[in-house]
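Open the model in your viewer and keep the sequence panel beside it. This tour goes from selection to selection.

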Amino acid sequence: MQVNTDPAPGSVHGGDEYFRARFVEADRFDRGDICALLSGTVAAVGIRRLLSPLLCAEAMARLDAGALALDSYDRRRVHPPVARFGPALNDFREGDRPAAAYWTQARRARQVRRAALGRVDPFGAAVAGLTRAWGRPPAPARNQGRPFFAGTLREINDGALVHCDDVLREYGPHLFDGGPPIAQLAFNAWISTAPEGGTTRVWRRRWRPGDAPLRKGYGFDERVVAGEQCVEVAMGRGDALLFDSRNFHAVDPSTGGRRLAVAFFLGFGCQSDLVMWS
């Protein structure tokens, strides 16, 4: 695992002292690490070896054997293409709610993942790690009592554009039972990484209404983060990363192997608990 927390060229000398990455071992990851992200006193939390080498190896063996068929996000919206298993809310948006087909696919995806991966499901292991840290398990976010799917398996080999993820901006305040999250975190735990590239970059910059001219598909032209302080983190197999997804972030292209992770969002709501969705 490598990290670079130097401010970007042209930014204020030294940058924001709170916009730094913190790294912990899997057995030392605790509630304070999540609270630091929620409070904005750390930019990213990297967890070394949250997933065991044996689980990663067995899960990848099943995936390489075709146990789960990876699809891709809507290519009209996401380019370079990103392969994934499991429905993503952004591919099913109809106004301020998901299309009816989403719920069928969410239910089916949970069944297929359970049957294909069973005891080596990295999603289950990731949730177990979060439960140990937080003190109780994150629950699926819900809409009219229906649970959203969480635990996408996502393969990003060709990189991802500068973008931000904010479910409130995408769907409005009425998507989740109990109201919109106060904070939104991105969670990724890698079951396979490539030997070169694949760095995750997170900027100290959120979306502003004036950013519209820099829109580029699902993301933005890199000029949107020019001069902004940036944290750069390269993760290894079994490692996990948490950061505030409302900050602009991107992924560099990788070569020499598959860069595949279990990914979902965590929301902290007015009811003071964590919910998750993909």
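Is C56 buried or exposed? C56 is buried, at 1% relative accessibility. Buried means under 20% relative accessible area, exposed over 50%, and partly exposed in between (1.4 Å probe, protein chains only).

This is a predicted model: local features need pLDDT of at least 70, side-chain atom pairs count only at pLDDT 80 or more, and totals for chains, interfaces and linings use all residues. Residues are numbered from 1 along each chain as its sequence is written, and side-chain values use heavy atoms, with hydrogens and water left out.

Select C35 next. C35 is partly exposed, with a relative accessible area of 32%. Now look for disulfides, meaning pairs of cysteine sulfur atoms within 2.5 Å. The count is zero.

Move to strand β15, residues 200–206. Strands are DSSP runs (E, at least two residues), numbered from the N terminus. Five of the seven residues in β15 are buried, so the rest of the structure largely encloses this strand.

Strands pair if DSSP finds at least two bridges between them. Click W203: its bridge partner in β18 is C230.

Last stop: select R154, I156, N188, W190, R259 and A261, which line the largest cavity. Three of these lining residues are nonpolar, one is polar and two are charged.

Conventions. Helix = DSSP H or I, 4+ residues; strand = E, 2+ residues; numbered from the N terminus. 1 Å grid on protein atoms, 1.4 Å probe; cavity = no way out; pocket = protein on both sides within 12 Å on 5 of 7 lines; lining within 4 Å. Nonpolar A, V, L, I, M, F, W, Y, C, P; charged D, E, K, R; others polar.
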